[in-house]
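Me: I've got a structure here and want to go through a few of the labels on it. Can you back each one up for me?

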Amino acid sequence: MNSFSKNTDELHKSGLSPINTNGKMEELEDNPFYGIFNRQKANQLNIGNTTYKERLKKLEALKNALEVDYKQKLREALYADFKKPFLETDLTEIYPVLTEIKFAKSNLKSWMKDQKVDTPLALLGASSYIKHEPKGVCLIISPWNFPINLTFGPLVSAIAAGNTVILKPSEMTPNASKVMSEIITALFNEDEVALVEGQVEVAENLLKLPFNHIFFTGSPQVGKIVMKAASKHLSSVTLELGGKSPTIIDASANLEKAVEKIIFGKFTNAGQTCIAPDYVLLHSSLKEKFTTLFKSKIAEFYSDQAEQSESYCRIVNQKHFERLTSYIEEAKHNGSNIASGGAFNASDNYIEPTLVFEAPEDSKLMQDEIFGPILPVKLYSNLQEPVDYINSKEKPLALYIYSKNKKHINYIMDNTRAGSGCVNHNLLQFLNHNLPFGGSNNSGIGKSHGFFGFEAFSNRRAFMKQHTIGATDLLRPPYTNFKQKLIDLTLKWF
Ligand code: NAD
């Protein structure tokens with residue numbers, strides 16, 4: 001029996017029909033991941049019907065793997081991939097997944113309960129419920145910049161919601177992918193969770209399969225490819241994308257604190273962070289002080305030589321290194337003012353924390369998502385200028401405001417649109433699982449984290465239970481004058 005007919009047999013035994021693709025079965029049969037997909041599909045009802053205790057057990061096993069068994073291996077893998085400091089791996093990769101698990105453990109029982117909602121009087125005799133049922137077989141495609149966090153974070157939500165999952169991490173951090181693969185193989189059968197490593201073609205092949213849900217984290221450009229592929233099977237999508245996230249600093253801000261926080265937000269992971277401040281819109285009166293503080297805080301955080309610092313990581317690969325250094329080269333020749341930094345070293349993909357003023361609007365620094373340790377600063381004199389500037393661009397994934405002026409803060413909040421943000425800080429919104437995380441339009445579709453992640457991987461199934469003869473039972477044909485009066489009454493009062 002070949003693997004396809006075996007899988008079809010399994011599906012019949014499980015009471016499910018094989019994939020209905022309107023006659024496109026042959027196309028799918030050749031797909032290298034069709035076997036795993038079908039085994040997961042055959043197993044979906046079993047996994048979907050697990051109790052919250054069974055799901056918690058799986059999350060607990062993942063927690064132990066991250067916290068104890070594989071912690072050191074993960075740290076070493078990320079150091080090998082882009083010299084990520086161990087402490088940063090603990091803080092930005094392991095900690096967010098552990099807290100996501102902890103949050104799910106505290107709340108999963110109530111999330112899984114059928115939620116009773118009101119029933120209108122006209123439907124008297126029935127009660128109404130929302131049941132969160134699993135989406136089914138899900139695909140998670142993740143980026144390289146926080147490979148553990150952005151692969152296992154969504155996995156926690158998918159498991160909590162009772163799905164089977166295929167994970168495809170980025171090809172750019174192969175050491176991290178290898179350890180994640182070991183963890184998944186140790187904890188799960190392939191018909192529940194599988195991880196496939198490999199290049200872009202792997203993702204392209206996976207995207208041809210009729211997943212029930214696709215959770216993608218990456219660039220807006222690839223997000224569009226994912227959405228197009230999903231449309232073929234009407235798979236639902238969560239798209240966690242990127243873009244340029246602005247930071248506004250007004251004249252009232254505590255500048256020293258603002259600079260400290262921006263340096264932390266921008267140069268952690270060497271700026272390779274989706275919600276890092278991409279550029280700063282600074283009140284022009286603060287330019288000199290900002291520059292002085294920037295230089296002194298960089299020296300304090302990373303010593304005088306960031307290249308020697310054990311707290312500063314590298315650019316992930318040569319391609320991204322060359323992209324980023326081309327921004328610096330461009331800045332050297334287009335009239336920009338490199339106020340601090342600007343050095344780099346190709347042997348190690350090292351780029352110094354860099355501050356740039358007066359970058360022309362049509363330069364790559366002001367047009368592309370930077371995703372690296374270069375901070376352009378644009379000066380303004382009237383608060384309407386940064387608001388208009390932000391609104392002339394795509395909606396950002398994050399928007400940060402540094403100010404003590406409540407009126408200014410409210411004005412910016414009311415007159416801009418963004419996926420998330422902070423007032424007088426940055427990045428922290430990612431760590432509160434009570435908040436939905438995600439973008440808006442070009443920066444993303446759908447939300448993740450906590451209950452919002454559970455919802456992303458669930459279908460809200462609506463159902464009603466009829467208890468007694470209901471009011472609507474009186475309105476069947478034949479339509480009489482009495483029934484007309486009842487309908488008139490219904491239209492008038494309900
Ligand atoms: P990317 O879009 O290049 O790649 C992401 C994933 O998609 C990888 O696994 C890759 O293999 C796959 N992929 C690449 N090209 C593909 C194609 N043509 N077809 C199918 N799959 C393909 O992104 P990246 O460079 O890994 O990450 C950087 C981007 O991700 C930035 O834009 C950043 O802002 C964004 N990001 C967003 C979040 C968020 O939570 N919103 C988090 C991290 C990164």
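Me: Which helix gives the most to the nonpolar patch?

Reply: Helix 6, residues 86-112, with three residues. Keep in mind that this is a predicted model. The patch covers about 620 Å² and is made by Leu87, Leu91, Tyr95, Phe264, Phe301, Leu428 and Leu431.

Me: Where does Leu431 lie?

Reply: In the loop between strand 16 (420-423) and strand 17 (444-445).

Me: And why is Leu431 called partly exposed?

Reply: Its relative accessible area is 36%. Buried would need under 20% and exposed over 50%, so with 36% Leu431 falls in between and counts as partly exposed. Patch residues need over 30%, and the 36% of Leu431 clears that too.

Me: Back to helix 6. How do its axis and that of helix 4 (residues 52-69) cross?

Reply: They come within 10 Å and cross at roughly 170°.

Me: What about the whole chain: how much of it is buried?

Reply: Buried residues make up 52% of the 494 residues, where buried means under 20% relative accessible area. The chain's secondary structure comes to 18 helices and 18 strands. Its accessible surface is about 22,700 Å², with 53% belonging to carbon and sulfur atoms.

Notes
Residues are numbered from 1 along each chain as its sequence is written. This is a predicted model: local features need pLDDT of at least 70, side-chain atom pairs count only at pLDDT 80 or more; totals for chains, interfaces and linings use all residues. Side-chain values use heavy atoms; hydrogens and water are left out. Patches are made of residues with over 30% relative accessible area and no salt bridge: like charges are joined within 9 Å, nonpolar side chains (Val, Leu, Ile, Met, Phe, Trp, Tyr) within 5 Å. Accessible areas come from the Shrake-Rupley method with a 1.4 Å probe; for residues, only the protein chains shown count as cover. A salt bridge is a side-chain nitrogen of Lys or Arg within 4 Å of a carboxyl oxygen of Asp or Glu. Helices (H or I, at least four residues) and strands (E, at least two) are DSSP runs, numbered from the N terminus. Buried means under 20% relative accessible area, exposed over 50%, partly exposed in between (1.4 Å probe, protein chains only). Axes are lines fitted to C-alpha atoms, for helices over the stretch in contact, and angles run from 0 to 180 degrees between N-to-C directions.
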